[in-house]
Amino acid sequence: MWAELLPIGRDAGSRGYRRYAWTPADADCRAWFKAQADTRGLTYELDRNGNQWAWLGDPAAGDAVVTGSHLDSVPDGGAFDGPLGVVSSFAALDELRARDAKFSKPLAIVNFGDEEGARFGLACVGSRLTAGQLTVEAAHKLTDGDGVTLPRAMEAAGYDPYGIGPDPERLSRIGAFVELHVEQGRALDLSGDPVGIASAIWPHGRWRFDFRGEANHAGTTRLVDRRDPMLSYAETVLAARREAELAGAVATFGKISVEPNGVNAIPSLVRGWLDSRAADQSTLDTVVTGIEKAAREYAERHGIDLDVVRESFTPVVEFEDALRDELTKILGARAAHPRPLPVLGTGAGHDAGILSGSIPTAMLFVRNPTGVSHSPAEFAAEDDCLAGVTALADVLEGLACR
């Protein structure tokens with residue numbers, strides 16, 4: 001399975017992945033998912049929001065146990081973020097069948113669409129729509145960098161953008177969702193554990209900063225006469241690092257757009273996107289407020305107009321204690337796990353976090369020795385990936401084979 005997925009959407013230059021929503025690479029990933037379902041005799045289903053499901057047992061029976069993740073990527077992302085969870089889900093089912101496990105509940109594997117938000121700027125679109133956390137009106141306004149709207153992109157890919165929306169009936173059939181994911185940090189590497197359990201997802205959001213100045217000639221305009229928004233933006237980037245360090249949080253300006261974007265032109269507009277995350281809401285508020293305050297001071301000093309827009313936000317997610325404790329109990333009773341698995345918080349968002357407000361969810365992490373993610377350098381050793389499959393199989397057996 002891994003070998004089949006590796007070439008899809010891989011850029012020859014960067015060696016990273018560009019699997020964006022509703023593109024040919026996304027279509028190839030979706031075809032791969034359906035083929036895996038068909039090969040195993042699972043019932044394949046495409047929901048109203050473009051999420052893919054592979055069912056073992058009757059979906060209408062209720063109290064289903066669901067696992068899976070996503071197959072799309074960030075720009076030039078790594079091979080493991082998302083796909084490891086989907087591949088491991090199919091492999092865990094294979095393992096349970098090899099054990100001759102007897103299922104007492106329906107089991108499903110899911111591929112949620114547009115988790116990374118790389119194309120339209122909003123993460124977890126598929127799961128947000130399903131959970132009713134993104135309205136149809138707001139979804140239809142999403143636009144990519146080329147001006148293509150979400151409805152146009154879906155139609156071009158052969159999907160119906162006018163059928164999207166909340167899917168409470170589907171969620172009501174699910175008793176538990178467990179997502180396996182490569183760790184996006186080094187906590188497991190430092191503890192020496194191949195697998196861990198998630199405790200919570202930090203609150204996080206994305207803010208757009210629009211610095212508007214005056215375009216002018218780079219060679220003939222005196223420094224004192226310039227209204228250069230790049231200066232205010234650059235100072236704001238440094239302020240973000242400073243505020244994050246003081247608060248023990250993280251803040252990143254990772255995307256920028258410049259107009260007119262000429263080497264010999266002073267910009268008229270610098271638009272930067274801030275991603276900030278913290279262990280609790282109060283800390284996150286402090287960091288973002290501090291960054292915006294500094295940005296406005298810099299903008300005023302240089303004669304720049306500034307607009308700040310919050311484009312997305314996800315509050316802190318505390319995974320359900322009962323389900324997390326059940327995972328700990330199941331894995332602790334297995335000979336393959338001789339000591340309790342570490343319980344980790346994470347600053348990364350996931351579909352499991354979005355769904356946690358609607359159904360019981362939990363997460364397993366697989367060790368990433370470099371701690372690098374959202375990069376071609378993202379990595380997990382084969383032994384650790386197999387340990388993740390075993391852990392996921394044990395959890396699914398404990399939850400769905402009673």
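Start by selecting H70 and F112: H70 stands opposite F112, which is in β4. The chain crosses from β3 through α3 to β4, and this β-α-β crossover is right-handed. Keep in mind that you are viewing a predicted model.

**Stop 1: strand β4**

Select residues 64–70, strand β3. Strand β3 and β4 pair in the parallel sense over six bridges. To find one of the partners, pick L56: its bridge partner in β4 is L107.

Show the side chains of β4. In a regular strand the side chains alternate between the two faces of the sheet. Which residues point one way from β4, and which the other way? L107, I109 and N111 point one way, A108, V110 and F112 the other, and all are buried. Because six of the six residues of β4 are buried, the strand is largely enclosed by the rest of the structure.

**Stop 2: helix α2**

Select residues 24–39. This is helix α2, with 16 residues. At 1.5 Å a residue, α2 should span 22 Å, and its end C-alpha atoms are 22 Å apart, which agrees.

Colour the buried residues of α2: A25, D26, C29, R30, W32, F33, Q36 and A37. Look down the axis of α2. The buried residues fall within an arc of 155°, so they line one face of the helix. An α-helix has 3.6 residues a turn, so residues three or four places apart point the same way.

What covers these buried residues of α2? The cover includes α1 (2–5), β1 (43–46), β2 (52–56), α3 (83–98) and β4 (107–112). Turn to the other side of α2 and you find P24 and T39, both exposed. Then step just past α2 to G41, which takes a positive phi of about 70°.

**Stop 3: a four-strand sheet**

Move on to an open sheet of four strands, in the order β9-β11-β7-β12, with antiparallel pairing. Its edge strands are β9 (250–259) and β12 (305–314), each pairing on one side only. From one strand to the next, the twist averages 15°.

Select β7, residues 204–212. Strand β7 and β12 pair in the antiparallel sense over nine bridges. Pick D210 here: its bridge partner in β12 is D307. Helix α9 lies across β7, β9 and β11 (269–277), running at about 170° to β9.

**Stop 4: helix α10**

Select residues 281–301, the 21 residues of helix α10. At 1.5 Å a residue, α10 should span 30 Å; its end C-alpha atoms are 30 Å apart, in agreement.

Colour the buried residues of α10: T283, L284, V287, V288, G290, I291, A294, A295, Y298 and A299. Seen down the axis, they fall within an arc of 165°, so they line one face of α10. Their cover includes β7, α9, β9, β11 and β12. The face turned away from the buried side carries the exposed residues S282, T289, K293 and E300.

**Stop 5: residue N368**

Finish in the loop between β15 (361–366) and α13 (382–400), where N368 lies. Is N368 buried or exposed? It counts as buried, because its relative accessibility is 0%.

Which residues are in contact with N368, leaving aside its neighbours within four places in sequence? Select V182, E183, G185, R186, D189, E378 and F379. Last, pick L223, which is 145 residues from N368 along the chain. Their C-alpha atoms are separated by 48 Å.

How values were computed:
Residues are numbered from 1 along each chain as its sequence is written. This is a predicted model: local features need pLDDT of at least 70, side-chain atom pairs count only at pLDDT 80 or more; totals for chains, interfaces and linings use all residues. Side-chain values use heavy atoms; hydrogens and water are left out. Helices (H or I, at least four residues) and strands (E, at least two) are DSSP runs, numbered from the N terminus. The expected span of a helix is 1.5 Å times one less than its number of residues. Buried means under 20% relative accessible area, exposed over 50%, partly exposed in between (1.4 Å probe, protein chains only). The arc is that of the directions from the helix axis to the C-beta atoms. Contact means heavy atoms within 4.5 Å. Two strands pair if DSSP finds at least two bridges between them. A crossover is right-handed if, with the strands pointing away from the viewer, the path from the first strand over the helix to the second runs clockwise. Axes are lines fitted to C-alpha atoms, for helices over the stretch in contact, and angles run from 0 to 180 degrees between N-to-C directions.
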